[in-house]
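I opened my notebook for a look at this one. Here is what I looked up, entry by entry.

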Protein chains: 2
Amino acid sequence: MPGPAPAQVGRLLLVPNTLDLGSGVEVPLDQVLPRAVIEQAAGLGHWVAENARSARALLKRVDALVPLALPLQSIQIQELPRPRKGAGPNQAAPDLAPLLAPALAGHDIGLVSEAGLPGVADPGATLVAAAHAASLVVEPLAGPSSLLLALAGSGLNGQSFAFVGYLPIEATARAARIRELEALSRRQGQTQIAIETPYRNDALLAALLEHLQPGTRLAVASGLSLPQGRCSSRSVAAWRALRGHAQAHALGDRLPAVFLFLAG
Amino acid sequence: MPGPAPAQVGRLLLVPNTLDLGSGVEVPLDQVLPRAVIEQAAGLGHWVAENARSARALLKRVDALVPLALPLQSIQIQELPRPRKGAGPNQAAPDLAPLLAPALAGHDIGLVSEAGLPGVADPGATLVAAAHAASLVVEPLAGPSSLLLALAGSGLNGQSFAFVGYLPIEATARAARIRELEALSRRQGQTQIAIETPYRNDALLAALLEHLQPGTRLAVASGLSLPQGRCSSRSVAAWRALRGHAQAHALGDRLPAVFLFLAG
């Protein structure tokens with residue numbers, strides 16, 4: 001008699017996270033994640049996470065709504081390797097096979113980042129690529145992206161847009177990059193989307209207001225999905241006219257913010 | 001005695017829709033929308049919609065989970081003006097004030113498109129811009145975007161990407177545009193994201209496989225969030241090696257698809 005049939009191969013489920021990391025607030029999970037996604041997360045015994053601690057924190061919040069299928073301490077959470085400094089996004093990723101081993105043994109794996117969709121403005125894409133290379137089914141689950149919530153909220157062009165990540169920190173290089181992106185935005189009618197580490201939010205806003213043209217429309221969305229979230233969108237000229245209105249300009253140093261502009 | 005105090009000004013809520021339009025399948029709402037978003041939608045008496053009929057269909061699905069605060073026939077649904085042919089995304093929008101009138105009278109307004117987030121690859125951005133101009137609070141509610149689910153599922157670069165909308169239909173112009181975007185992707189390390197009308201999906205995939213370089217990675221995501229959804233990602237060379245495998249190539253003409261590529 002032959003042995004047991006080989007287990008069915010598991011899938012890689014891309015599980016969205018909340019957008020409240022580091023904000024000091026815990027948004028109720030069912031305000032940002034669909035119920036079915038919370039249920040799927042509750043059923044998984046194998047995870048790969050950007051950060052194991054924050055993945056466990058998410059699972060505790062899941063457990064409060066939908067009891068976990070396994071005790072938290074029995075759930076395997078492996079961490080993504082940290083990206084090497086200076087390595088591009090296409091770096092070879094020879095050591096990801098162990099992370100996918102549970103799927104080959106028949107278990108679905110959840111991939112989760114610290115906020116929003118895994119692999120978007122976030123690590124995780126290399127694992128997804130490795131899963132495709134291993135012919136695993138990759139299933140992204142519906143959830144929020146701060147980038148696209150900000151884009152929707154901006155009123156800027158959503159038919160053509162680019163996410164450019166972080167701008168240079170050094171002042172001269174940053175000014176040059178802002179002007180380059182503005183010229184590109186003008187040529188292509190393309191909304192440019194950037195992010196910044198929260199404690200540099202106010203500095204980036206000041207730099208954008210200094211270097212963009214008055215007719216360019218600039219939107220800033222911070223803390224979207226949080227009670228203190230807000231989204232402001234106006235011309236650079238109108239932003240400048242608000243100088244001195246501290247309320248309009250102070251983003252604070254805790255809330256993740258998204259910066260969007262479209263040349264007029 | 002003075003009259004009643006002026007009503008508080010309402011907000012513009014950007015309400016995500018499901019991704020199942022035209023698919024022939026109705027995905028359960030709580031599989032793609034957070035519970036709190038369904039509840040907020042149930043409470044709104046004023047809507048602006050890309051299409052009033054599909055907005056009513058969404059409200060019926062909401063009502064089945066969370067009873068609507070008002071009978072459906074009492075809910076005001078105004079339609080966005082259709083974009084004029086040949087008009088750019090920044091066209092003046094002089095006739096949007098009536099759409100925002102309910103907010104000035106103190107009512108929250110929901111903005112909803114036929115799929116996903118309003119204003120992203122979709123009309124609606126001009127209304128959001130008008131709301132900002134009128135100093136209304138704009139609040140995007142968490143929900144799925146097919147573009148970013150596809151990007152997460154692709155395993156391509158999520159740290160730098162551009163959504164370029166539709167590619168030209170005419171063969172020569174389309175080939176030129178594909179090559180132009182591939183060159184851009186190579187220079188910038190930027191994932192390029194395009195969409196197509198479902199009945200042209202297979203033709204676009206064929207054109208991409210014809211004109212992209214073998215080392216470019218190409219991902220196609222169709223019907224994400226639907227039971228029949230799938231997401232394939234491999235090099236152009238590997239796609240070509242599957243020619244004849246009808247299963248791998250036929251996207252069909254009903255499911256919305258997202259096409260993504262990253263030059264190697």
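Is B:Ser74 buried or exposed? I found B:Ser74 exposed, because 9 other C-beta atoms lie within 10 Å (exposed is 12 or fewer, buried 20 or more, partly exposed in between, with C-beta atoms placed from the backbone).

A note on the ground rules: the model is predicted, local features need pLDDT of at least 70, side-chain atom pairs count only at pLDDT 80 or more, and totals for chains, interfaces and linings use all residues. Residues are numbered from 1 along each chain as its sequence is written, while chains are lettered from A and ligands numbered from 1 in the order in which they are written.

I then placed B:Ser74 in the loop between α3 (52-65) and β3 (76-79) of chain B (DSSP runs numbered from the N terminus: helices are H or I, at least four residues, and strands E, at least two). From B:Ser74 to B:His46 I read 9.3 Å, C-alpha to C-alpha, across 28 residues of sequence.

Next came a helix pair. In chain A, α7 (residues 171-188) and α8 (residues 201-211) pack at about 60°, their axes 10 Å apart (axes are lines fitted to C-alpha atoms over the stretch in contact, and angles run from 0 to 180 degrees between N-to-C directions). That angle makes α7(A) oblique to α8(A) (under 35 degrees is roughly parallel, over 145 roughly antiparallel, 65 to 115 roughly perpendicular, the rest oblique). I listed the contact residues (C-beta atoms within 7 Å): α7(A) brings A:Arg174, A:Ala175, A:Ile178 and A:Arg179, and α8(A) brings A:Ala207, A:Leu208 and A:His211.

Definitions and conventions
Contact = placed C-beta atoms within 7 Å.
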